[in-house]
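Reader: Please show me the model, and then we can go through some of its features.

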Amino acid sequence: VVVLRLPPGPVSYTHLGGAGDWPENSAKAFRESVAAGYYMVETDLSFTKDLVGVMVHDDKLPSVCSKSGSKVHSLTYAQVQKITCNGEPIPTLSETISILKGSSTRLNLEVKAYSGQSTSSKKTYARLATQTLVDAGMSGQATMQTFAWEVMLPIIRSVQPDMEVTALESAPSLARVKLAAAAGVSRYAMNVANGNEFLLDFAKVNGMKVGLWSLFTWSDVLFAVDMG
C-alpha cells in the first residue's frame, strides 16, 4: 500500500491491485480493493499476440503462474485464458474496468512495454489502452502511467487530451525533468532511491505534480509525505 497526500488528506491505494493481501493483479484483488474502499487501484497492462489487454506485471510470466517463463506478447488470448497466476485467472482490461467502473475507487493503469519492443508496437499499446478506457466511459475515473512515456504520451493524449499521465523514471535527472515538462507530462514519478528534494522541487517548478515509488522504509514514506 502506498500512502499519498491528496486533498483533503492522506489516501491509500493498492499496488499490483492489492498484492499485499490478495493475488496480485487478479479480479479478486480488484474486487476486494473496491470493497475495502481504497482510493485507487494500481495495476499493470500488457497485451497478448492478438492485442487483448491483460493484467500482468511483466511480459515474462513469473513462477507463480502455471505457464511461467512464457512471454505474454507471444501468446494468444486463448492461450492466456488457460493460465492461472497464484491460482487465479488473468483478467482482461475490460473485466478490470467492469469491476471498478462506477465505484469510488479510481484506476491507475500502468501500460507496460517489453524488452525489444518496437516503437510502433508501443504506440499501438498506448492507443488501445486509452481507447478502451474512453469507450468504456472510464477515462474520468482513471489515470495512466508508463516508463515508455516518451513514445506513449503523445498517443495517449491524441485519444484523450485531458488524460492525466505519469512519467515513471528510474534514473531522474534535470534533463529528463525538462524533457517530461516539455512533453506535457502530468506527474513525474521517480524511484525514491534516486530521487531527491532538488529534483522533486525542479519538477514542481516546471509545472508537474511529483511522485515517488519503491518506498520500502518508513524514512522513504516520511520523505514522500514531506515532499507532498
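Author: A term first: buried means under 20% relative accessible area, exposed over 50%, and partly exposed in between (1.4 Å probe, protein chains only). This is a predicted model, in which local features need pLDDT of at least 70 and side-chain atom pairs count only at pLDDT 80 or more, while totals for chains, interfaces and linings use all residues. Residues are numbered from 1 along each chain as its sequence is written, and side-chain values use heavy atoms, with hydrogens and water left out.

Reader: How many aromatic pairs does the structure hold?

Author: There are four. Rings of Phe, Tyr and Trp (its six-membered ring) pair if their centres lie within 6.5 Å; planes under 30 degrees apart count as stacked, over 60 as edge-to-face and the rest as tilted.

Reader: And what is the geometry of F147 and W213?

Author: The pair is edge-to-face, because the ring centres are 5.5 Å apart and the planes stand at 90°. F147 sits in the loop between β8 (142–146) and α5 (149–159), and W213 in strand β11 (residues 209–213), so the contact ties together parts that are 66 residues apart in sequence. Helices (H or I, at least four residues) and strands (E, at least two) are DSSP runs, numbered from the N terminus.

Reader: Is F147 buried, exposed or partly exposed, and what is its relative accessible area?

Author: F147 is partly exposed, at 39%.

Reader: What about F198 and F202?

Author: Their ring centres are 6.2 Å apart with planes at 10°, so these two are stacked. Both belong to helix α7 (residues 197–205), where a spacing of four residues separates them by about one helical turn. F198 is exposed, with a relative accessible area of 53%.

Reader: Changing topic: which cysteines form a disulfide?

Author: C65 and C85 do, with sulfur atoms 2.0 Å apart; a disulfide is a pair of cysteine sulfur atoms within 2.5 Å. The link is right-handed, with 105° about the S-S bond. C65 is buried at a relative accessible area of 6%, and C85 is buried at 12%.

Reader: Now strand β9: how many of its residues are buried?

Author: Five of the five residues of β9 (residues 165–169) are buried, so the strand is largely enclosed by the rest of the structure. V165, A167 and E169 cover one side, and T166 and L168 the other.

Reader: Which strands pair with β9?

Author: β8 runs parallel to β9 and is joined to it by three bridges, and β10 (residues 187–191) pairs with β9 in the parallel sense over four. Two strands pair if DSSP finds at least two bridges between them. A167 stands opposite Y188 in β10.
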